[in-house]
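Here are my notes on the structure, as numbered points. Please read them with the coordinates open.

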Amino acid sequence: MSQPPIPETGRPEPDVFSPIEPRRGFMTQLTAVVVGGLVGIFPAAVGLATFLNPLRKSAKQRQMPEGSDTEGYYRVTTLESLSAIPQAFKIIADRKDAWNTFPKDAIGAVFLSRSGSSEVRAFNVTCPHAGCAVDYKAAKGAYHCPCHNSSFAADGKRDPKSPSARDLDSLPVKIDVNGAVWVKYQDFKTGDKEKKPA
Amino acid sequence: MNSLLNWLDDRTGFKALMHEALYERVPGGARWRYVWGSTLVFTFSVQLVTGLFLWMSYSPSSQTAWESVYYLQHEMLFGWLLRGVHHFTAQAMIVLLVLHLWQVIIDGAYKAPREVNFWLGLILMQIVLGLSLTGYLLPWDQKGYWATKVATNIAGITPLVGEQVQALAVGGPNYGHYTLTRFFALHAGLLPALLVAFLALHIYVFRRHGITVPDPIHKPDTTFWPDQVLKDAVACLAVLATVLTLCLLHGAGPHGGAELGAPADPTENYSAARPEWYFLFLFQFLKYFPGESEIIGAMVIPGAIMGVLALMPLIGRWKLGHGFNVAFMFGIMIGIGFLTFLAVKEDRANADYNFAVADANQKAERVVELAKIQGIGPAGAVQLLRDDPKTRGAALFKVKCASCHRYDDHDGTGRKPTEAATAADLGNFGTRDWIRGVLTDPAGPKHFGPTKNSPEVGDRFTKGQMAEWVEENITSKKVTEEELDAVVEFLASLGERKDAGKLDADKVAKGKNFFGLGSDAVSGTCYDCHLMKVADDPDGAFSDASAQIATGAPDLTGYGSAQWLHEFIAKPGSKKFYGSHNAMQEFAGSLTDREIDLIVKWLLHDWPEPENATK
């Protein structure tokens, strides 16, 4: 861009070009590019900042649901209502969606089953492979994912032929003195061999 | 690199195109007077870019439009700046458009062979005005809602098709979801697409005829790149700087930039409704067309002016035509300027309008505060204000109570009524000061004093039994200061003022005892006239409940609590309160329970406040 290209229109080039000092021409071009670039980039940059908002740490944190106890456990059901056969339960909490707050709404779901007289097993319903929700097939005694056929035993162990790279995501459970079952509900990153918080 | 470019050029011919674009001849040299068109293209580009990003955060429905804009403005990184740039660039675009039009008319650039391009320009102007009109509604705040209602109602008076035009714009019988989806599609889809198409034609035809040069021998000829580009870029920088300055003048951060009013509420009148400043002249103009002649001001005259503008290329062919065109344009501009001046002047002098603006600002701030404290429920942010005792209670007090009562000398919303009050000033109702006032000066100006302004009531209260008892026992100091203090504390303990502070349990117990038993010095106890049920009565002060002798002495059980106040407002004339002595209207029929609750909570200062404000 340091010198004007040769015209291809057949129109004679105006002779004004010859007397222009190359140095001044270059400065003009440079300034024009800088100033033009600046005014062009600014509005896009402001827009881009809002677009990138979801990457902010505070924006991620603010979306965390409220309604758990101080340790992050949600009250789900009572020990009495559980059996050895896994049942799906909704986690109820104040759900936030951008500007909206939905009080006492479902924020996720877990499978709960008794594994002993007072021991409870909890799994996040989300398949660790790609995030579909798994079903429990009582006839097979196993969890099955309807999307890519991942299969997990009742204790959450993955079937070796499953596309899922890890077992079902188990969740910590505690039972209080009144027999209420509390689950530390959490989502994990899918598609990973390691269980990492989402 | 070069061979790659050559390959690309061979397949696309981009070099010729670039050359065509950049090396347009500028006869007489680059000049500042040629920048206006470029600044308009620039502002439009800014609108396209910022608009696209706004789009990513915007949700057009009557329960989410304001909410999504609020979220962008207050929660998202630089969202306020994005809105601010879009808002003020829109205004800059209108100004630049007028300047561009001026210049074209003054220079006679509309004359042959550029007539068609002049008309294309006029079409572009209409599209830009359409963009501004549709964009004003999208935040779905009170201002945009009411202004758009007026604009579409005006469209509704169009002969023959008015009703249909209005129905199509509104999208249904009421302003709501469909109004927003339609306006949004127009604003972000159809109108920008039309603008791009007509702008392309405009620039194409402009390039065909070249710049209108007033004096080609001004300087040696040059080309668009780089000399004129530099001037254009600097002009665009100036425009951008102006936009940023305007934006920052309204404050930096989420409370600055472009204004966001309170969410649209069709049930809340908005007396501060005004169009954007560049439409104010039309708004003012309509004031001069009474009754059915509105159409003359709204359509016939503006249409005729647009008609003359469109005919300018033809008028310009006459000998005196150009002079007429320039004079006409200046005449119109002076008229617009004058009407705008009148509109602003009238508003400034209008106390009602100024109050409405202040009220609107207060609500706009309050709803943001509430959204931060409570979050926005599924019903949308408008519900936050409807359920807010602080603003809604005050507004209800103004409408329902302030014809008789006062609140700290005003009507609840800050305005001082001109007529005299005929009932108590409830500004400090339920506080210790209030109770002490009733007990020391019941006929004073803050309590029952104003009732004598009502001819029907006369001195029923100011010289009633309570006033007599106070005269006999308190004014004469038979009740000791300590006893008075105690009974004030006791009565204050029954209320639920959030700002009451800590209660003195010792005083409360003493006051309770005095209320029931009085003392040897005083004639009669409070309990002789006022019923009082207490849960805990260790001294047996309230054992004898037979003595409720006085008609019109209210039951003071739970005095000043939300429940007591609610019952009182609903039926002040019931036996529990003033009975046949009552002079107050009963509100059980004219206010819903919810509305009474809002007034009660407001009187008791029971409303959500941000945590840091209460500390």
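1. Start with Lys137(A), which sits in strand S5 of chain A. This is a predicted model, and the points below should be read that way. Lys137(A) is partly exposed, at 38% relative accessibility. Leaving out residues up to four places away in sequence, Lys137(A) touches Ala142(A) and His144(A). Ser150(A) is 13 residues from Lys137(A) along the chain, and their C-alpha atoms are separated by 12 Å.

2. Chain A as a whole has two helices and nine strands. The order from the N terminus is α-α-β-β-β-β-β-β-β-β-β. Chain A has 198 residues, and 34% of them count as buried. Among its contacts with a separation of 6 or more, 47% join residues 24 or more positions apart. The accessible surface of chain A is about 11800 Å², with 56% of that belonging to carbon and sulfur atoms.

3. How many disulfides does the structure hold over all chains? There is one. It joins Cys132(A) and Cys147(A), with the sulfur atoms 1.9 Å apart. Cys132(A) lies in the loop between strands S4 (120-124) and S5 (135-137) of chain A. Cys147(A) lies in the loop between strands S6 (142-144) and S7 (151-153) of chain A, 15 residues away from its partner. The disulfide is left-handed, because the torsion about the S-S bond is about -95°. Cys147(A) is partly exposed, with 40% relative accessibility.

4. Two other cysteines deserve a check. Cys127(A) is buried, at 1% relative accessibility. In chain B, the sulfur of Cys529(B) has its closest cysteine sulfur in Cys526(B), 8.8 Å away, again too far for a bond.

5. Leu48(A), Phe51(A), Leu52(A), Leu55(A), Leu52(B), Trp55(B) and Met56(B) make up about 710 Å². Helix H1 (22-51) of chain A and helix H3 (35-57) of chain B are the elements that give two or more residues to the patch. H3(B) has the largest share, with three residues. Leu48(A) belongs to helix H1 of chain A. Its relative accessible area is 41%, so Leu48(A) is partly exposed.

6. The largest nonpolar core has 81 residues. Those with the most contacts inside this core are Trp66(B), Tyr70(B), Ile105(B), Phe118(B), Trp140(B), Leu195(B) and Ile376(B). Helix H5 (residues 79-106) of chain B gives the largest share, 13 residues. Another core, of 54 residues, lies apart from it and includes Phe429(B), Val457(B), Phe542(B) and Leu556(B). Back in the 81-residue core, Phe118(B) touches Leu101(B), Val104(B), Ile105(B), Tyr110(B), Leu309(B), Met312(B) and Pro313(B), not counting residues up to four places away in sequence.

7. In helix H16 (residues 389-400), the buried residues include Pro389(B), Thr391(B), Leu396(B) and Phe397(B). The buried residues of H16(B) pack against helices H14 (351-374), H15 (382-386) and H23 (593-603) of chain B. In helix H22 (residues 562-570), Trp564(B), Leu565(B) and Phe568(B) are among the buried residues. The buried residues of H22(B) pack against H23 of chain B.

8. In one of them, Lys143(B) pairs with Glu259(B), the closest N and O atoms being 3.5 Å apart. Lys143(B) is in helix H7 (residues 142-155) of chain B, while Glu259(B) is in the loop between helices H10 (224-249) and H11 (280-285), 116 residues apart. Which end is buried, and which is partly exposed? Lys143(B) is buried at 13% relative accessible area, and Glu259(B) is partly exposed at 43%.

9. Arg415(B) and Asp352(B) meet in a salt bridge at 2.8 Å, N to O. Arg415(B) is in the loop between H16 and helix H17 (432-440) and Asp352(B) is in H14, so the bridge ties together parts 63 residues apart in sequence. Arg366(B) and Glu369(B) also form a salt bridge, at 2.7 Å. Both lie in H14, three residues apart, about one turn of the helix. Arg366(B) is buried, at 4% relative accessibility. Glu369(B) is partly exposed, at 25%.

Conventions
Residues are numbered from 1 along each chain as its sequence is written. Chains are lettered from A and ligands numbered from 1 in the order in which they are written. This is a predicted model: local features need pLDDT of at least 70, side-chain atom pairs count only at pLDDT 80 or more; totals for chains, interfaces and linings use all residues. Side-chain values use heavy atoms; hydrogens and water are left out. Patches are made of residues with over 30% relative accessible area and no salt bridge: like charges are joined within 9 Å, nonpolar side chains (Val, Leu, Ile, Met, Phe, Trp, Tyr) within 5 Å. Accessible areas come from the Shrake-Rupley method with a 1.4 Å probe; for residues, only the protein chains shown count as cover. A salt bridge is a side-chain nitrogen of Lys or Arg within 4 Å of a carboxyl oxygen of Asp or Glu. Helices (H or I, at least four residues) and strands (E, at least two) are DSSP runs, numbered from the N terminus. Buried means under 20% relative accessible area, exposed over 50%, partly exposed in between (1.4 Å probe, protein chains only). A disulfide is a pair of cysteine sulfur atoms within 2.5 Å. Contact means heavy atoms within 4.5 Å. A nonpolar core is a set of buried Ala, Val, Leu, Ile, Met, Phe, Trp, Tyr and Cys residues joined through side-chain atoms within 4.5 Å.
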